[in-house]
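Student: Could you show me how to read the surface and side-chain features of a protein model, taking one kind of feature at a time?

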Amino acid sequence: MSKTTVRKAIAGLEASELRELMLDIYARSKDARALLDFYAVPDIQKLYEGFEARIDKELARRKRRMPAPRIAEIKRIVKDFSRFDPGEDTIGELMAETVLKFCTFASGHYVDDRLAEQMCAFFDLTLQYIIPRRMMSRYGPRFNKEIDAIRPHERYCAIRRLLRQTLDEAEV
């Protein structure tokens with residue numbers, strides 16, 4: 001069904017029928033409930049904390065006692081957050097804080113090459129988002145500090161090298 005078809009169907013409804021329809025959608029759809037709750041009471045900080053907790057939970061995910069975060073899931077969480085339209089700065093902040101959490105994660109856990117490449121791809125997306133919005137002055141020094149905090153041991157250096165390379169290429 002297209003947006004035009006829905007618009008035509010809604011145009012034929014009276015105000016009371018439209019209210020009933022909205023309440024019915026609210027009761028049936030979890031996604032619609034979240035959007036309508038945010039529309040009724042737009043608390044950006046509470047929304048941000050909820051999505052940040054989801055990212056933390058994904059980073060803490062384990063599979064056979066080994067860390068197994070899914071970067072695709074983290075991207076989806078960020079995309080879901082942006083659907084609420086909390087503002088570009090808030091979206092950039094969530095992305096940048098997620099990258100900083102990647103660095104903290106990498107300094108304490110072994111990161112295989114596949115996961116390192118996925119983390120760097122997310123870091124690149126983050127840089128593409130925050131640089132045009134002039135947020136790099138706020139996060140650039142923190143990125144440098146956290147990347148340098150990743151242990152330079154052979155076991156950890158792949159993620160450190162990839163993150164450093166991604167940051168250096170973005171700053172050129």
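Predicted model: local features only at pLDDT ≥ 70, side-chain atom pairs only at ≥ 80, totals over all residues.

Student: Is aspartate 80 buried or exposed, and what does its side chain meet?

Tutor: Aspartate 80 counts as buried because its relative accessible area is 14%, and buried means under 20%. Its side chain meets that of arginine 83 in a salt bridge of 2.9 Å, N to O, and arginine 83, with a relative accessible area of 55%, is exposed. A further salt bridge joins arginine 133 to glutamate 88, with the closest N and O atoms 3.5 Å apart. Here too distant parts of the chain are linked, with arginine 133 in the loop between helix 7 and helix 8 and glutamate 88 in helix 6. Salt bridges that share partners also join Arg54, Glu73, Arg76, Asp80 and Arg83 into one network.

Student: Which residues make the nonpolar surface patch, and which helix gives the largest share?

Tutor: The patch, of about 670 Å², is made by Met1, Val6, Ile10, Leu13, Leu18, Leu21, Met22 and Ile25. Helix 1 (3–11) and helix 2 (15–28) each supply at least two of its residues, and the largest share, four residues, comes from helix 2.

Student: Which residues gather in the patch of negative charge?

Tutor: They are Asp124, Asp168, Glu169 and Glu171; helix 9 (residues 157–171) gives the most, with three residues, while aspartate 124 lies in helix 7 (residues 113–130).

Student: What should I look for in the backbone angles?

Tutor: Most residues other than glycine have a negative phi. Arginine 64, although not a glycine, has a positive phi of about 55°, and it is found in the loop between strand 1 (62–63) and strand 2 (66–67). Arginine 134 also has a positive phi, near 55°, and its place is in the loop between helix 7 and helix 8 (136–149).

Technical notes:
Residues numbered from 1 in each chain as written. Heavy atoms only, no water. Patch = residues over 30% accessible without salt bridge, like charges linked within 9 Å, V, L, I, M, F, W, Y side chains within 5 Å. Areas by Shrake-Rupley, 256 points an atom, 1.4 Å probe, with all protein chains shown as cover. Salt bridge = Lys/Arg side-chain N within 4 Å of Asp/Glu carboxyl O. Lys, Arg positive; Asp, Glu negative; His and termini not counted. Charge placed at Lys NZ, Arg CZ, Asp CG, Glu CD. Buried < 20%, exposed > 50% of the residue type's maximum accessible area, 1.4 Å probe, protein only.
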